[in-house]
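Subject: Structure handover and findings

Dear colleague,

Please find below the structure that I am handing over to you. I would be grateful if you would read the notes after it with the model open beside them.

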Amino acid sequence: MINLAYKDIAHSWLKFIITAMGVGMLLGIVLIMIGVYRGMVIDAQVLLDDIGADMWVVQENTLGPFAESSRIHEDLKNTLRANPEIDKTAGLAFLNLQVRTPEGVMKRVYSVGYDPHGDISAVNPDRLVAGRALKKSHYEIVVSQKLGFKLGDKIRLGRNIYTVVGITKGAVSSGGDPAIFVSLKDAQELQFLYSNARIRNDRARGLKVDADNHLVNAVVATLKPGSDPDAVAEDIRRWKHLSTFTAAKEREILTKNVIETASKQIGMFTVILIAVSTIIIALIIYTMTLEKIKEISIMKLVGLPNWMITKMITQETLTLGVLAFIFGNLFAHAIWDKFPKRVVLEVPDAWALFGIVLVASVLASLFGVYKAIKADPRAAIGG
């Protein structure tokens, strides 16, 4: 039996292909947006996984350094170590900075300060692509590969000059900004000590300028085997009057509280783009049906049943949707690595979108089917 859909597509194949490519670009953007969300979820957990702490202790009534401001005393790490269920502790300081790259461009980075001689390191050795982690308490820095620095380069932060001793790949903040690593003492100076000009101005005003640089944004801890994280966290909250989160709870804070708004926004844009793609497919099929309405009338005049005409239009719509999906995948995989932040394209997401495209194509075909069924056979003879 002659495939009417195939014959009709072959008659205007160039228009059909161009339309599929246009819709495919929209679907490609949908895949990219889903990939951006996946990347945000992964980025939010990078530092948690690299630090590998079982417990995060932060300022009371706060959600911790990734969600809001938190300052506690550094010596808390020594107090916590006295707990028989705690194995290792470390103080960490986090700060958003602007760094001038070798090309002279200012880039936003996320500074992580940790004690190079402490029990817990914030630098994941598996992420080092050149050099080493910090070994000195001052003036060494580990930077992200994205910044373009080389080993031995000098970087000015605050009032000091730092030497690049290591380069990482994939180390980012919860917001996707490149992470840099400095010693805890340097991080405390950058965050908590006043500049010389500020000190002079405060002294001129008669103010006391004893800034406390023995603060950290969080104290992290690992537990001994067999310890109950929830029980230890509750004990710290009760006796130390500090907010304490297990690794699982901190992960939940990052993936829900920190990126929840962004994920909702991405979801709304995704729905809008799918709706626009469906409308475009419907309009194209409707226009193609109008262009051959006389031919459809002739088919009906010679006795061709409505279900065959419906089948032809539905097949055309599904073919357009499938081609658009293929072009969309090709487009998404061609540009995903050009985005400044992490984009993760996963096969299950592509299959889910494919299912949505099939459903949307069937719905879009209803406009053309309705017009075809309503076609008057008398129009074929000018009636």
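The notes that follow cover the pocket, the aromatic pairs, the cavity and the helix contacts. Please bear in mind that this is a predicted model.

**The largest pocket**

The largest pocket holds about 330 Å³ of space. Its lining is made up of 18 residues, and those closest to the pocket centre are Pro65, Phe66, Phe94, Asn96 and Tyr110. Two elements, β3 and β4, each give two or more residues to this lining. The top contributor is β3, which supplies three residues. Sorted by class, the pocket lining has six nonpolar, eight polar and four charged residues.

**Aromatic pairs**

The count of aromatic pairs comes to seven. One of them joins phenylalanine 94 and tyrosine 110: the ring centres are 5.8 Å apart and the planes stand at 20°, which is under the 30 degrees required, so the pair is stacked. Phenylalanine 94 belongs to strand β3 (residues 86-100) and tyrosine 110 to strand β4 (residues 106-114), so this pair ties together parts that are 16 residues apart in sequence. Phenylalanine 94 and tyrosine 110 are both buried. Ring pairs also link these two residues with Trp56 and Phe66 in a cluster. Phe66, Phe94 and Tyr110 were named above among the residues closest to the centre of the largest pocket.

A further aromatic pair is formed by tryptophan 351 and phenylalanine 354; this pair is edge-to-face, with 5.8 Å from centre to centre and 85° between the planes. Tryptophan 351 and phenylalanine 354 are about one helical turn apart because three residues separate their positions in helix α11. Tryptophan 351 has a relative accessibility of 58% and therefore counts as exposed, the cut-off being over 50%.

**The cavity**

One cavity of 30 Å³ or more was found. The largest cavity contains about 50 Å³ of space. Its lining consists of Val23, Leu27, Ile274, Ser277, Thr278, Ile281, Leu353, Ile356, Val357 and Ala360. Helices α2 (13-51), α8 (260-291) and α11 (347-373) are the elements that give two or more residues to this lining. By class, the cavity lining comprises eight nonpolar and two polar residues, with no charged residues.

**Helix contacts**

Two packed helices are described by the angle between their axes and the distance between the axes. For helix α10 (residues 306-335) and α11, the axes come within 8 Å and cross at roughly 145°. The crossing of α10 with α11 is right-handed. The residues of this contact comprise 15 nonpolar and nine polar, with no charged residues.

Helix α2, which takes part in the cavity lining, also contains arginine 38. With a relative accessible area of 30%, arginine 38 is partly exposed, because that value falls between the limits of 20% for buried and 50% for exposed. The C-alpha atoms of arginine 38 and valine 344 are separated by 5.7 Å, although the two residues lie 306 residues apart along the chain.

Yours sincerely

Definitions and conventions:
Residues numbered from 1 in each chain as written. Predicted model: local features only at pLDDT ≥ 70, side-chain atom pairs only at ≥ 80, totals over all residues. Heavy atoms only, no water. 1 Å grid on protein atoms, 1.4 Å probe; cavity = no way out; pocket = protein on both sides within 12 Å on 5 of 7 lines; lining within 4 Å. Points joined across faces, edges and corners; volume = space filled by probe spheres on them. Helix = DSSP H or I, 4+ residues; strand = E, 2+ residues; numbered from the N terminus. Nonpolar A, V, L, I, M, F, W, Y, C, P; charged D, E, K, R; others polar. Axes fitted to C-alpha atoms, helices over the stretch in contact; angles between N-to-C directions. Left-handed = near helix turned anticlockwise from the far one by under 90°. Phe/Tyr/Trp six-rings, centres within 6.5 Å; stacked < 30°, edge-to-face > 60°. Buried < 20%, exposed > 50% of the residue type's maximum accessible area, 1.4 Å probe, protein only.
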